[in-house]
Amino acid sequence: MKFTDSPVIDLKVLDSQLSFHQDNGSMHVGTSVWPCSLVLVKFIERWHPQTSSITPNPYADILNFHNKRGVELGAGCGVASMGIYLLGLQNIIITDIPPVMPALKHNLKRNKPVLKKSLKTAQLNWGNGEQVKALCPPFDVVVATDVVYLEETVGPLLLAMESLVGDNGVVLLGYQLRSPEAHTKFWELCGEMFDVEKVPNEHLHPEYAYEETDVYILRKKKKI
């Protein structure tokens, strides 16, 4: 189910207005804007340590992006990366598969006046170890939203996450159930590789707290 059929999706982040063009008629799901990306950005905005007045702030450390490196997997139209860039993650690489790159680059160009620079992009197939290495991990922050929908891609996705995130880093995951088979496999394997923290629904931005959509914080399991 598409989030909306509107050809343009707007997202206000702090005092900036991002605008994304989507193509719901494309064969690739990455050319549509999905709700998880919006939910994740607005969650971060709500708890961002430089702007949030909520105390205590349980997310202050992980959302302090000063001097941190980030990468987004399966970025699609680039909503999450651009939003998080405006929230302080200045060093971020935005990745997706080759067929989706034109839509991503179109939206980066569309928002360049707001971003005030061209953000880095890279092609990444999750199962391609050489492409993963070429990104020069480890990263402090790995971003992924609405990426669990095919059972056969679950294993490569989790391996890519594990390879890219640093031992003290986090994966910020926007999640919505798309496929029961992919869902079951993802959480079984994820629990073996990561410590999983689910953000309480009441901690999401009140205007972006959709019943079907969740935010998770994943941390690599410590080796004993």
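**Reading helices, sheet, loops and a pocket**

Me: How do helix 1 and helix 2 run relative to each other, roughly parallel or roughly antiparallel?
Reply: Helix 1 and helix 2 are roughly parallel to each other. This is a predicted model, and the way to read such a pair is to take the angle between the two directions, where anything under 35 degrees counts as roughly parallel. Here helix 1 (residues 35-47) and helix 2 (residues 79-86) pack at about 10 degrees, and their axes are 8 Å apart.

Me: Which residues of helix 1 and helix 2 meet?
Reply: From helix 1 come Ser-37, Leu-38, Leu-40, Val-41 and Ile-44, which meet Val-79, Ala-80, Gly-83 and Ile-84 of helix 2. By class, the residues of this contact divide into seven nonpolar and two polar, with no charged ones.

Me: What is the order of the strands in the open sheet, and which kind of pairing does the sheet have?
Reply: The strands of a sheet pair through backbone hydrogen bonds, and they can do so in a parallel or an antiparallel way. In this structure, an open sheet of seven strands has the order 5-4-3-6-7-9-8, and its pairing is mixed. Strand 5 (120-123) and strand 8 (194-198) stand at the edges, and because each has a single partner strand, one side of each is left without a neighbour in the sheet. On average, neighbouring strands of this sheet are turned by 20 degrees against each other, with direction ignored.

Me: In which sense do strand 3 and strand 4 pair, parallel or antiparallel?
Reply: Strand 3 (residues 69-73) pairs with strand 4 (residues 91-96) in the parallel sense, over four bridges. For one of the residues involved, Arg-69, the bridge partner in strand 4 is Asn-91. Helix 6 (residues 151-164) packs on the sheet, where it touches strand 3, strand 6 (139-145), strand 7 (165-176), strand 8 and strand 9 (213-220), and its direction makes about 145 degrees with that of strand 7.

Me: Where does the peptide bond to Pro-56 lie, and is that bond cis or trans?
Reply: The angle to look at is omega, and for the bond from Thr-55 to Pro-56 omega is near -5 degrees, a cis bond. Pro-56 lies in the loop between helix 1 and strand 3, and Asn-67 has its place in the loop between helix 1 and strand 3 as well. Asn-67 is a residue other than glycine with a positive phi, near 60 degrees. The bond from Pro-137 to Pro-138 is also cis, with omega near 10 degrees, and Pro-138 lies in the loop between helix 5 (129-134) and strand 6.

Me: How many Å³ of space lie in the second largest pocket?
Reply: The second largest pocket holds about 170 Å³ of space. It is lined by 14 residues, of which Phe-65, His-66, Leu-87, Gly-88 and Gln-90 are the closest to its centre. The lining has four nonpolar, nine polar and one charged residues.

Note on methods. Residues numbered from 1 in each chain as written. Predicted model: local features only at pLDDT ≥ 70, side-chain atom pairs only at ≥ 80, totals over all residues. Heavy atoms only, no water. 1 Å grid on protein atoms, 1.4 Å probe; cavity = no way out; pocket = protein on both sides within 12 Å on 5 of 7 lines; lining within 4 Å. Points joined across faces, edges and corners; volume = space filled by probe spheres on them. Nonpolar A, V, L, I, M, F, W, Y, C, P; charged D, E, K, R; others polar. Pairing = 2+ DSSP bridges. Helix = DSSP H or I, 4+ residues; strand = E, 2+ residues; numbered from the N terminus. Axes fitted to C-alpha atoms, helices over the stretch in contact; angles between N-to-C directions. Contact = heavy atoms within 4.5 Å. Parallel < 35°, antiparallel > 145°, perpendicular 65-115°, else oblique.
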